Amino acid sequence: MIERLAFYSMAALTLGSAILVVTMRNTVHCALLLGLSLLGVAGVFATLGADFLFASQLLIYVGGIAVLMIFAVMLLGRTADLHLRQVNEAWMAALLVVAITLAGLVRLVKLVAGVTAPSPAAPATRPLGLLMMGDFAVPFELVSLVLLAALLGAVFFSRKEETPPPPATRGPSS
Amino acid sequence: MTLAHYLFLGSALFIVGIFGALTRRNVIGILMSVELMFNAANINLAAFNRFLAPAGVTGQAVALFIMTVAAAEVVVGLALVLMIYRARDTVYAEDINILRG
């Protein structure tokens, strides 16, 4: 009963705010609602018993990515944007694509209808750590390289274009 | 709760993300929709791990890798959007069409 309540409330939070994210006009509201939707996904992880995923979802997505999005929206926006249409004219075609994809996915999901959890969820943090240091050691190191590259790329792209300073005039000694 | 509940939630979230990525004009809105799709994939991975392979945690490990790559993607993406905004003074995808900095 409690599990059902938790799942449905978290699913409603996730889906409701996700739909608002893609339809609202004010981009700042979109970014805030994205944070709410990611919070709902964290709750879904909690109902699945994935404790470490729950914690990292809160840390990385809600605490990191959503805040970064809000920063970007506030840096880039203009007040005129609040009155502009935020959805392009292809939304009918997009709705068609979405309906067809949803129908296909629902058919696929029906194949696994009725599968229940075989055992209660166990804590996952310790097995995850062992897995990262064992079988997944190479991808773990590779992903740290990817993060380093992303860090350098972000710094490289976002620094200002600087014209080289004029050669400093030295004293009479030169 | 069955596996189908979680898979249906993941499908719906993915669909919402696709709709956003296809229809938003704002580049940051498109990035947000892509984040929603990443989250849908993560829900599916965690659900498959819980219901079909509860002995291991491989699905959760892959979801963690997806989170890391998504963080890298959003950092680089937002830096690029910032550069485009400085160069072209727009954040709308239909105005960014000259393939030249």
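Domain bounds, as used on this tour, come from an automatic or database domain assignment. With the predicted model open, begin by colouring chain A according to its two parts, domain 1 (1–79) and domain 2 (124–158). Taken over C-alpha atoms, the centres of these two domains of chain A are separated by 23 Å.

Next, select the largest nonpolar core, which has 68 residues. Those with the most contacts inside this core are A:Phe45, A:Leu53, A:Met69, B:Tyr6, B:Ile28, B:Met32 and B:Leu36. To see where the core is drawn from, show the helices that each supply at least two residues: in chain A these are α1 (2–23), α2 (27–47), α3 (51–76), α4 (91–110) and α5 (125–133), and in chain B they are α1, α2 (27–52) and α3 (58–88). The most is given by α3(B), with twelve residues, while domain 1 and domain 2 of chain A each contribute at least three.

Now move to B:Asn42, which is placed in helix α2 of chain B. Is B:Asn42 buried or exposed? Its relative accessible area is 0%, and because buried means under 20%, B:Asn42 counts as buried.

The following stop is B:Thr2, in the segment before α1 (3–23) of chain B. B:Thr2 has 16% relative accessibility and therefore also counts as buried. Display side chains here, and a polar contact of 3.0 Å can be found between the side chains of B:Thr2 and B:His5. Beyond the neighbours within four places in sequence, B:Thr2 is in contact with A:Gly114, A:Val115 and A:Thr116 of chain A, and with B:Phe51 of its own chain.

Finish at the largest pocket, whose volume is about 220 Å³. Of the 14 residues that line this pocket, select A:Phe52, A:Met132, A:Phe140, B:Leu64 and B:Thr68, which are the closest to its centre. The elements giving two or more residues to the lining are α3, α5 and α6 (137–158) of chain A, together with α3 of chain B.

Note on methods. Residues are numbered from 1 along each chain as its sequence is written. Chains are lettered from A and ligands numbered from 1 in the order in which they are written. This is a predicted model: local features need pLDDT of at least 70, side-chain atom pairs count only at pLDDT 80 or more; totals for chains, interfaces and linings use all residues. Side-chain values use heavy atoms; hydrogens and water are left out. Helices (H or I, at least four residues) and strands (E, at least two) are DSSP runs, numbered from the N terminus. Buried means under 20% relative accessible area, exposed over 50%, partly exposed in between (1.4 Å probe, protein chains only). A polar contact is a pair of N or O atoms within 3.5 Å; within protein, one must be able to donate a hydrogen and the other to accept it, and residues adjacent in sequence count only if both atoms are side-chain atoms. Contact means heavy atoms within 4.5 Å. A nonpolar core is a set of buried Ala, Val, Leu, Ile, Met, Phe, Trp, Tyr and Cys residues joined through side-chain atoms within 4.5 Å. On a 1 Å grid over the protein atoms alone, a cavity is a set of points where a 1.4 Å probe fits but cannot get out, and a pocket is an open set with protein on both sides within 12 Å along at least five of seven lines; lining residues have an atom within 4 Å of a point. Grid points are joined across faces, edges and corners, and a volume is the space filled by probe spheres set on the points.
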